[in-house]
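My notes follow in the order of looking.

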Amino acid sequence: MHQNLRNHFNYLQKLNGSKVLNAGKLLSSYQISKIRGKARIQGMPTAISVEPTTACNLRCPECPSGIRSFTRPTGNLSSHTFNRVLDDLSDYLTYLIFYFQGEPFIHPKFSEMVAAASKRNIFTATSTNGHFLTEENCEKILDAGLDQIIISIDGTSQEVYESYRKEGNLEKVLAGAERLVSMKKRKKAKRPHTIFQFLVVKPNESQIPDVYALAKKMGIDEVRLKTAQIYDYEDGSDLIPEQEKYSRYKLGKDGKYHIKGNVENHCWKMWHSCVITWDGKVVPCCFDKDAHYVLGNIQEKSFREIWEGPAYQNFRQQLLRSRSEIEMCKNCTEGTTIWA
């Protein structure tokens, strides 16, 4: 808990008057839009995801990067595109996560991008499969000022781990995490806040207590359990956990699986955040993994032009009118992360 409070305090230190005012504008315009049923936007996003690369070393079965199912081009984020993002948004951003699809550490200038964002007083985070936490990379991200790192560890034994993390090596991941924790202590660094993220699926749900014990033993700051998104879930899947509380899906009376809850005609994410792909495409959120809903490209227009433009406003309006008609929203369960 102490480490979590420190992480929250670190985030709060990134705020200033103009960023708080901007967030207030976003929240008020979102609430007014919900009440009136008409999309309006004031303010710029407070949180974004940028995609360093679509490349990945693993073959996870429910991941487009893993199964190589993208229809969009693959590649690495250029320095020019990333600097354009910072120039347009750094005055408003409080949170920037270097992750969408792919493994961020594969990007040759990953730590340099982190350093550039950190210098602009933005809370920086990333999510990694943990296979690239070498001595050199650990030192680079510590020196760059990375605030938070999520390390995916979906099993506490190799057999269970590789049932989802295909071609992954748990021993290598744990060694990398241990290396980062050790170097952090050696340098007397307060960040990055380290998180073990455990994607709960049927093969690993029995190991949930074990991951908490492992994290405590290794000095990891936090454990997060996350429910798994299954693409073809209606007829069931070998990945859907037996314990319903760890599943996004519920078996209905018709014998089919359904998303828990109802798809409501509003979404806060459309007002305060977005995703920018490696080639500059601006898409609504992390559920649009293949960039089907491109709202603009930062290589062609300023971010403000895109954010306030007709394509984005039309998308927000469609969501307020009938979110269930938007394909990517049908499998959306915003808020299903289970906080430890």
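**Entry 1: strand S3**

I checked both faces of S3 and found them covered: Phe 123, Ala 125 and Ser 127 are buried on one side, and Thr 124, Thr 126 and Thr 128 are buried on the other. Buried here means under 20% relative accessible area, exposed means over 50%, and partly exposed is in between (1.4 Å probe, protein chains only). Helices (H or I, at least four residues) and strands (E, at least two) are DSSP runs, numbered from the N terminus.

I note that this is a predicted model, where local features need pLDDT of at least 70, side-chain atom pairs count only at pLDDT 80 or more, and totals for chains, interfaces and linings use all residues. Residues are numbered from 1 along each chain as its sequence is written, and side-chain values use heavy atoms, with hydrogens and water left out.

Why is S3 largely enclosed by the rest of the structure? Six of the six residues of S3 (residues 123-128) are buried, so the strand is largely enclosed. I kept one rule in mind: in a regular strand the side chains alternate between the two faces of the sheet.

**Entry 2: the partners of S3**

I looked up the strand pairing next. Two strands pair if DSSP finds at least two bridges between them. S2 (residues 95-98) pairs with S3 in the parallel sense, over four bridges. Opposite Thr 126 in S3 stands Phe 98. S4 (residues 148-152) also pairs with S3 in the parallel sense, over four bridges. I traced Ala 125 to its bridge partner in S4, Gln 148.

Then I followed the connections. S2, helix H5 (residues 110-119) and S3 make a right-handed β-α-β unit. S3, helix H6 (residues 135-144) and S4 make a right-handed β-α-β unit too. A crossover is right-handed if, with the strands pointing away from the viewer, the path from the first strand over the helix to the second runs clockwise.

**Entry 3: rings**

I counted eleven aromatic pairs in the structure. The rings of Tyr 95 and Phe 123 have centres 5.7 Å apart and planes at 15°, so I log this pair as stacked. Tyr 95 lies in S2 and Phe 123 in S3, so the pair ties together parts that are 28 residues apart in sequence. Tyr 95 is partly exposed at 22% relative accessibility. Phe 123 is buried, at 2%.

The rings of Phe 105 and Phe 110 have centres 4.8 Å apart and planes at 55°, so this pair is tilted. Both of these residues, Phe 105 and Phe 110, are buried.

My criteria: rings of Phe, Tyr and Trp (its six-membered ring) pair if their centres lie within 6.5 Å; planes under 30 degrees apart count as stacked, over 60 as edge-to-face and the rest as tilted.

I also looked for charges over rings. The charged end of Lys 289 sits over the ring of Phe 287, 5.4 Å from its centre. Arg 316 lies over the face of Trp 271, 5.9 Å from the ring centre. The test is NZ of Lys or CZ of Arg within 6 Å of the ring centre and within 35 degrees of the ring normal.

**Entry 4: His 193**

Is His 193 buried or exposed? At 3% relative accessibility, His 193 counts as buried. It lies in strand S5 (residues 193-200). Its side chain makes a polar contact with the side chain of Glu 222, at 2.8 Å. A polar contact is a pair of N or O atoms within 3.5 Å; within protein, one must be able to donate a hydrogen and the other to accept it, and residues adjacent in sequence count only if both atoms are side-chain atoms.

I listed its contacts (heavy atoms within 4.5 Å). Leaving aside neighbours within four places in sequence, they include Gln 148, Ile 149, Asp 221 and Glu 222.

Val 211 lies in helix H9 (residues 208-218). Val 211 is buried, with a relative accessible area of 0%. Beyond four places in sequence, Val 211 is in contact with Ile 153, Thr 156, Phe 196, Phe 198 and Val 223.

Arg 165 is in the loop between helix H7 (158-164) and helix H8 (170-186). Arg 165 is buried at 13%. Not counting residues up to four places away in sequence, Arg 165 touches Leu 58, Cys 60, Ser 152 and Asp 154.
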